Amino acid sequence: MPERLLTDTVHVAVHAPDDIIRAGLVSFLGRDRSIREVLPAKIQDADVIVVVVDVVDASALEGLRGLSNAPTPSFLVVAKYWRSDISAAIDCGVRAVLWRDAFTPAVFIRTLLTVAGGGGSLPPTLQGALMSQVQWTNREVLAPRGLTASGVSPREVDVLRLVAEGKELSEIAAKLSYSERTVKYTLYGLMKRLRLRNRAHAVSYAIRAGII
């Protein structure tokens, strides 16, 4: 998720199974002057949506999808148990998870601000599950097809790295033992697929995405 620039105020919406839990979480928001509550009628204005559930499962994730019309809602989930695909949760906009038994007001506020700034925070067990899924997908699904999770092929990465070093197409071709036409088509295909305007834009995209 791209890093977001924080404004002076972080708007937070809170969804909880009962009014007492919700009131408690809302009271914690007052510990940081940069945080403001967003009422349900204005949920589309929230930077972070906090959801409290006992069990994160397929049904809970379906509920997340219906909470906001924002293109990329960011959810902080406070839960007891996890019984769902972590990748599916991330697709739903989940950026952080706090276990109820490890919850403190200070951690809650710190995690809220992390998510609002474009970061994420997952418990170690969920981080491990996510890494295993990424590794399996890369090895079993993407690599056999010459693809990577970034959407950029190894050949394209090599070309981008040399473009970033200021090399001309002829120099890149000689370095990689490709024809100059192959290098040109590789760059053109990448820019067209990712809707990049020119070589400088392609290099900038690759650096921001951590590809090179």
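These legends walk you through a few close-up views of a predicted model. Local features need pLDDT of at least 70, side-chain atom pairs count only at pLDDT 80 or more, and totals for chains, interfaces and linings use all residues. Residues are numbered from 1 along each chain as its sequence is written, and side-chain values use heavy atoms, leaving out hydrogens and water.

**View 1. Helix α4, residues 105-116.** Helices (H or I, at least four residues) and strands (E, at least two) are DSSP runs, numbered from the N terminus. The twelve residues of α4 reach 17 Å from first C-alpha to last, close to the 16 Å expected at 1.5 Å a residue; that expected span is 1.5 Å times one less than the number of residues. Just after α4, look for Gly118, with a positive phi of about 95°.

View 2. Buried (under 20% relative accessible area, 1.4 Å probe, protein chains only) describes Phe108, Ile109, Thr111, Leu112, Val115 and Ala116.

**View 3. Leu64 and its contacts.** Leu64 touches (heavy atoms within 4.5 Å) Val51, Phe75, Val77 and Val94, not counting residues up to four places away in sequence.

**View 4. Confidence in the model.** The mean pLDDT (the predictor's confidence in each residue, from 0 to 100) is 85, and 94% of residues reach 70 or more. Over residues 1-6 the pLDDT is below 50.

Definitions and conventions: Buried < 20%, exposed > 50% of the residue type's maximum accessible area, 1.4 Å probe, protein only.
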